[in-house]
Amino acid sequence: MLIFTKNMDTKKVLVAGATGYLGQYLVKELKKRDFWVRVLIRKEAQKAKFEFVDDYFVGQATEPDSIKKITKDVDAVISAVGITRQKDGLTYMDVDYQANVNLLNEAKKSGVKKFIYISVLNGEKLRHLKICEAKEKLGDYLKSSGLDYCIIRPNGFFSDMSDFLNMAKGGKVYLFGDGKLKLNPIHGKDLAKSVVDAINQDEKEINIGGPEMLSQNEIAELALKACGKSIKIVHLPDWIRKFALWSVRTFTSSKTYGPIEFFMTTMVMDMQAPQFGKHKLEDFFNEEVKKQKQ
């Protein structure tokens, strides 16, 4: 159901997944550029987070009947809907695929001009992983929808690097292999700028990462320094990773092993993307440690 609406002449954008790490930055960036913004929230109590937006819609993207007419009078949809940590008993197919299909179907009915979807870097190569299987299936559906679209494929978010911080708190960071593989995770604020830019651009798929190309060893060092620990990095043989993957896939459900499977697989992959933005991972780690001490 719609809560309230202001009348504005600027281009109208719906943000789905607005309460997540990236979504909150997306909303702020859109308002900074004077877009008219509607956000999808699951309950009215979440309105307090978005007092500066123009319109609210309360509904569940996983329940198509609850989001009917959500895209009415909207020019573009940006969806950051997806599971990062399993909860609510929902699967990746329920959320990353079907919830976005429900939004996309509403967009088609309403004559939305463009649908922007936040996927993952190298998702095409990782279809065998539960997370990527759902995201790539949605990408296929979007490409065949007839709508103008853009699929944004970011490298890891800064928030994803918290796994390094969590290990660093214990005084050691464990890596598979020699730790020399590089990646360039991106801050949500930087990524939001690129996503909003895509509204008026023609690219259909955009690979993107942060400004710093760092090896896993360098990320581990930054995490240990932020935690005030000496540099202790343990390099594990790859058979341990493979055994751990086999174990979680065999003895747990996809709800449990999905994030582990993704993390362990990408740890031994080249995850370099075109560099963008200005925020540094070291600053993010230091800020996170400060927050945890408060």
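The model is predicted. The structure holds 20 salt bridges. A nonpolar patch made of W239, F243, W246 and F251 lies on the surface.

**Helix 7**

- Helix 7 runs over residues 238-251 and includes F251.
- The buried residues of helix 7 are R241, A244, L245, S247 and V248.
- These residues cover an arc of only 165° around the axis, so they sit on the same side of helix 7.
- W239, K242 and F251 are exposed on the other side of helix 7.
- An α-helix has 3.6 residues a turn, so residues three or four places apart point the same way.

**Nonpolar surface patch**

- W239, F243, W246 and F251 together have about 570 Å² of accessible area.
- F251 has 62% relative accessibility. It counts as exposed because the cut-off is over 50%.

- R241 forms a salt bridge with D238, and their closest N and O atoms are 2.7 Å apart.
- R241 and D238 are 3 residues apart in helix 7, so about one helical turn separates them.
- R241 is buried at 9% relative accessibility, whereas D238 is partly exposed at 30%.

- Side chains of opposite charge can pair when their charged atoms come close.
- D75 forms a salt bridge with K113, with the closest N and O atoms 3.7 Å apart.
- D75 lies in the loop between strand 4 (55-58) and strand 5 (76-79), and K113 lies in the loop between helix 2 (92-110) and strand 6 (114-118), so the pair ties together parts that are 38 residues apart in sequence.
- K113 is exposed, with 53% relative accessibility.
- R153 forms a salt bridge with E205, with the closest N and O atoms 3.0 Å apart.
- R153 is in strand 7 (residues 148-154) and E205 is in strand 10 (residues 205-208), so this pair links distant parts of the chain, 52 residues apart.
- R153 is buried, at a relative accessible area of 1%, whereas E205 is partly exposed at 32%.
- Salt bridges that share partners join E124, E136, K143, R153 and E205 into one network.

Technical notes
Residues are numbered from 1 along each chain as its sequence is written. This is a predicted model: local features need pLDDT of at least 70, side-chain atom pairs count only at pLDDT 80 or more; totals for chains, interfaces and linings use all residues. Side-chain values use heavy atoms; hydrogens and water are left out. Patches are made of residues with over 30% relative accessible area and no salt bridge: like charges are joined within 9 Å, nonpolar side chains (Val, Leu, Ile, Met, Phe, Trp, Tyr) within 5 Å. Accessible areas come from the Shrake-Rupley method with a 1.4 Å probe; for residues, only the protein chains shown count as cover. A salt bridge is a side-chain nitrogen of Lys or Arg within 4 Å of a carboxyl oxygen of Asp or Glu. Helices (H or I, at least four residues) and strands (E, at least two) are DSSP runs, numbered from the N terminus. Buried means under 20% relative accessible area, exposed over 50%, partly exposed in between (1.4 Å probe, protein chains only). The arc is that of the directions from the helix axis to the C-beta atoms.
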